[in-house]
Amino acid sequence: MIQVKNLTKKYGNHLAVDDISFQVKKGHIYGLLGPNGAGKSTTMNIITGYIAPTSGSVTIDGHIMGQDTLEAKKCIGYLSEIPPLYPDMFVKEYLDFVAKLKKTAKEGRVKEIEDVMERTGLTDVANRLIKNLSKGYKQRVGIAQALLGNPQIIILDEPTVGLDPEQIIEIRTLIKSLKKDHTIILSSHILSEISAVCDDVLMIAKGKVVAMDTTENILKMNKSGQNLAITVKGNASKASEVLKNLKCIESYELVSEKDGQASFNIIAKDSEEDIREEISFALSDARILIIEMNASKASLEDVYLDILQDCREEEEAEAEAVEADNDDKADDAEEMDSIVWSESEDDDVEEGGEE
């Protein structure tokens, strides 16, 4: 559906997108994730044909952006972070205007606009001015204009930013419903939104793709194991003696001790291993009663922060290597200057002796 190959974008000396490649398959919702300045918006703007890359290519359903641009753009519906709305137009009037810009067939235009309004929940506000709509409904109008022309790919940039919780749920439900007929790329820095809506996650940091997989597999990349919160009856020291001897535990921490109860946070060594049974048996053998035990799975936030930390460490290591290399070159240059200076002095001595 979408093939991005060796994509690079430079703004002067700033490298916004650094030689990235990936493929987007049909019928999935992809989450484009990354910190501010990571290159998300630049990548999306290149895919939509809004800006040109410095090098590399984007192919949309067999059409190369920049060569067969018109046909490639017909395959894409785009909602920018700030919806491109005309506030003094009525909803239906605006959608008719957009449909004409997209050159949709005249005979089916009215029916298509009605269908799009029904899909996006706009039928009841069709004759209202856009400026009088709530932000949630304005987002719906933005999504509706992206759907006109029935593009195969819908690209949404921060579609729920600024919405209240109820509106966010409504927009997420709408986005999920679009998956039946469209491939969707959703850019967001809200991790809960990516987890709730997307089938696949594409993470970008420093202009590079650092991870791309299904949401389920991305969550398995978490470095820390299963996290348990347990509360036991009795003193903390006795429970600690049991926990520290269990090989399945990476680390544990006493959270509180009061009223004859002790609470611990426990992290397993293996992220795939369920350690609840082993801990239960060990504490039972020591005649320690478990009052409460809750397991929590890794969140997308945990994995995201792990990956960003790895990127920072790699960047620091590269910077240190460059600095060390520059120091070596400086030492070599200083040594060479010393040799040249020494040879020059020797030549001066020889010339003086001849006189």
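1. Leucine 156 in E7 is the bridge partner of leucine 79. Start there. This is a predicted model: local features need pLDDT of at least 70, side-chain atom pairs count only at pLDDT 80 or more, and totals for chains, interfaces and linings use all residues. Residues are numbered from 1 along each chain as its sequence is written, and side-chain values use heavy atoms, without hydrogens and water.

2. Strand E6 (residues 76–79) runs parallel to E7, with 4 bridges between them. Two strands pair if DSSP finds at least two bridges between them. Strands are DSSP runs of E with at least two residues, helices are runs of H or I with at least four, and both are numbered from the N terminus.

3. E7 also joins strand E8 (residues 183–187), in parallel, through 5 bridges. Isoleucine 153 has threonine 183 in E8 as its bridge partner.

4. Why is strand E7 (residues 153–157) largely enclosed by the rest of the structure? Because 5 of its 5 residues are buried (under 20% relative accessible area, 1.4 Å probe, protein chains only). Ile153, Ile155 and Asp157 point one way, while Ile154 and Leu156 point the other way.

5. Now the cavity. A cavity is a set of points on a 1 Å grid over the protein atoms alone where a 1.4 Å probe fits but cannot get out; lining residues have an atom within 4 Å of a point. The whole structure holds 1 cavity of 30 Å³ or more. Strand E2 (14–24), strand E3 (29–33) and helix H1 (40–47) each give at least two residues to the lining of the largest cavity. Other lining residues include Ile185 and Leu202.

How values were computed:
1 Å grid on protein atoms, 1.4 Å probe; cavity = no way out; pocket = protein on both sides within 12 Å on 5 of 7 lines; lining within 4 Å. Points joined across faces, edges and corners; volume = space filled by probe spheres on them. Buried < 20%, exposed > 50% of the residue type's maximum accessible area, 1.4 Å probe, protein only.
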